[in-house]
Amino acid sequence: MKANPYLTDFYNQYDEDSRLTSKHGSVEFLTTMRYVEKYLKPCGRVLEIGAGTGRYSHALARQGYAVDAVELVEHNIEIFRKNTLPNENVTVLQGNALDLSAFSDNQYDITLLLGPLYHLYHKEDKQQAIREAIRVTKRGGIIFAAYVISDGCLLDEGFKRGNISVAEYIKNGLLDSETFAAKSEPKDLFELVRKEDIDDLMSAFPVKRLHYVASDGCALLMREAIDAMDRETFDLYLKYHFATCEREDLSGVASHAIDIFKKQ
Ligand SMILES: C[S@@+](CC[C@H](N)C(=O)[O-])C[C@H]1O[C@@H](n2cnc3c(N)ncnc32)[C@H](O)[C@@H]1O
């Protein structure tokens with residue numbers, strides 16, 4: 001299966017390893033880990049699909065779990081391997097979320113699909129990646145599927161930071177001029193969705209949703225304020241975020257969301 005060259009070029013130069021290490025970046029990491037730890041039992045087996053440089057894989061392996069990881073981009077795999085400590089119970093394989101035939105059915109207690117769905121542009125491909133994640137997960141196991149949320153990105157990268165021009169996006173057909181719904185192609189790199197798109201994708205699968213979590217809440221939109229917080233204020237902010245990250249009335253303005261569901 002051929003990798004999207006735009007994606008490979010992007011991750012070959014992007015510092016993915018540092019993405020979750022700033023104070024504002026840690027909000028997403030800490031939130032995801034909080035939910036993984038809620039469900040992971042001693043001796044649990046984890047598969048991370050689209051593992052990047054292994055932030056989650058390494059953190060979980062260092063807690064004593066057996067972790068297998070799959071990643072598309074060689075550059076990220078090299079950093080993943082460099083970050084692996086001796087005796088860590090972790091493996092990493094080059095592979096594609098759309099075809100996990102290297103892994104047999106019903107193996108994992110927790111499957112993390114935190115990244116590939118950011119870069120799949122067709123409903124069928126997204127459903128294929130979700131189908132594969134479900135297939136390799138044990139019955140009763142939990143799948144975490146992450147998405148980039150369009151309104152959070154539009155507010156942060158568009159209206160606030162000006163890194164994308166909302167007017168140009170509308171002109172080029174990447175945003176609907178009335179609803180502001182997003183459309184992407186491989187050259188645009190990131191596929192932006194709303195919760196209604198996720199609900200539509202998931203309606204094809206007989207799984208039970210446990211949580212829909214705004215994993216970074218307003219952390220990207222408020223990054224300067226968060227990075228300037230002292231420890232005590234940041235702890236209070238995290239407490240607020242954890243208390244509100246499943247509120248439907250707030251989740252649409254996050255930049256990332258995780259759909260957490262159980263294989264029946
Ligand atoms: C934003 S990073 C996320 C890394 C990590 N899972 C995390 O959440 O921090 C997305 C990762 O998914 C990988 N990826 C994208 N499409 C993929 C695919 N079809 N199969 C496997 N990995 C893929 C990218 O190369 C990148 O390393």
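The legends below accompany close-up views of a predicted model.

View 1. In the side chain of asparagine 76, an N or O atom is 2.9 Å from an oxygen atom of the ligand. For asparagine 96, a polar side-chain atom lies 2.9 Å from a nitrogen atom of the ligand. Alanine 97 takes part through its backbone, where a polar atom is 2.8 Å from a nitrogen atom of the ligand. The ligand taken alone exposes 600 Å², of which the protein buries 97%.

**View 2. Packing of helices α5 and α8.** Two packed helices are described by the angle between their axes and the distance between the axes. Here, helix α5 spans residues 123-136 and helix α8 spans residues 195-202. The angle at which they pack is about 65°, and their axes are 10 Å apart. The crossing of α5 past α8 is right-handed.

**View 3. Residues at the contact of α5 with α8.** Helix α5 contributes Lys123, Lys126, Gln127 and Ile130 to the contact. From helix α8, the contact is made by Asp200, Leu201 and Met202. The residues of this contact divide into 3 nonpolar, 1 polar and 3 charged.

How values were computed: Residues numbered from 1 in each chain as written. Predicted model: local features only at pLDDT ≥ 70, side-chain atom pairs only at ≥ 80, totals over all residues. Heavy atoms only, no water. Polar contact = N/O pair within 3.5 Å; in protein donor to acceptor, adjacent residues only side chain to side chain. Areas by Shrake-Rupley, 256 points an atom, 1.4 Å probe, with all protein chains shown as cover. Axes fitted to C-alpha atoms, helices over the stretch in contact; angles between N-to-C directions. Helix = DSSP H or I, 4+ residues; strand = E, 2+ residues; numbered from the N terminus. Left-handed = near helix turned anticlockwise from the far one by under 90°. Contact = heavy atoms within 4.5 Å. Nonpolar A, V, L, I, M, F, W, Y, C, P; charged D, E, K, R; others polar.
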